[in-house]
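Hi,

Here is the structure I promised to pass on.

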Amino acid sequence: MQATETKPAPKPLNGVNTPTLFATINAVAAQPELARFRFRASHRWVRGTHSQGRFETFTGAGTDHTHKHPVVYDFDHPGVLVGEDHGPTPVEFLLIGLTGCIIAGIGNIAAARGVTLDEVTATIEGDMDLRGIFGLSRDVRNGYQGIRVTFAIKGDAPAEKLRQLVEQSRARSAVYDVLTNGCPVDIDTVAA
């Protein structure tokens, strides 16, 4: 009688707790309700074009969570756009959100596939025509007309496998999905 061969538990790799990653995937597969998350943020105007956004709590995996530390970001416009440059513009923050989401995915996917990463960097740029925002042209959209991202990735796998990590992460990126497929956004106003 031959003994059943068991695979050893994956080891943490690239700073990713791979055993927890696989346990989480298996838990969600067994209990799909654990996959439902609600992220929250609050935002307040400071003055001019300066505002401050805060991330504190979110709900997921059947319970409420609080970030280890309050996360606060300043947003503003540069002087050329009538601001005081206390932080990035919201549209610049969107660019970082996209690359941050894809890079996080690359780290997880590489760890799951046993690929050791040495370096992952991204450059991203987006083109806008302010005539839309300023109401000067109905033919120009308010947001980006196009976004370009370039990833540089080094690891212990062939170049094609590294490209596949980036592509799989893009395909699974929540931020990429929202940007390319849209999402319903409800806006309400209440008296302060």
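**The largest pocket**

The largest pocket has a volume of about 1700 Å³. A pocket here is an open set of points on a 1 Å grid over the protein atoms alone, where a 1.4 Å probe fits, with protein on both sides within 12 Å along at least five of seven lines. The volume is the space filled by probe spheres set on those points, which are joined across faces, edges and corners.

Before going on: this is a predicted model, where local features need pLDDT of at least 70 and side-chain atom pairs count only at pLDDT 80 or more, while totals for chains, interfaces and linings use all residues. Residues are numbered from 1 along each chain as its sequence is written, and side-chain values use heavy atoms, with hydrogens and water left out.

What lines the pocket? There are 38 lining residues, and F39, F55, G97, A174 and V175 lie nearest the centre (lining means having an atom within 4 Å of a point). By class, 27 are nonpolar, nine polar and two charged. Nonpolar covers Ala, Val, Leu, Ile, Met, Phe, Trp, Tyr, Cys and Pro; charged covers Asp, Glu, Lys and Arg; the others, Gly among them, are polar.

Elements that each supply at least two lining residues include α1 (18–30), β3 (50–60), α2 (90–112) and α4 (174–181). The biggest giver is α2, with nine residues. Helices (H or I, at least four residues) and strands (E, at least two) are DSSP runs, numbered from the N terminus.

**How α2 packs**

Start with α4: its axis lies 7 Å from that of α2, at an angle of about 130 degrees. Axes are lines fitted to C-alpha atoms, for helices over the stretch in contact, and angles run from 0 to 180 degrees between N-to-C directions. That makes α2 oblique to α4 (under 35 degrees is roughly parallel, over 145 roughly antiparallel, 65 to 115 roughly perpendicular, the rest oblique). L94, G97, L98 and C101 of α2 touch A174, V175, Y176 and L179 of α4, where contact means heavy atoms within 4.5 Å. Seven of these residues are nonpolar, one is polar and none is charged.

Next comes α3 (residues 159–172), which packs with α2 at about 120 degrees, axes 8 Å apart. This pair is therefore oblique too.

Finally, the axes of α1 and α2 come within 10 Å and cross at roughly 95 degrees, so they are roughly perpendicular. T18, L21 and F22 of α1 meet N108, A111 and A112 of α2.

Cheers
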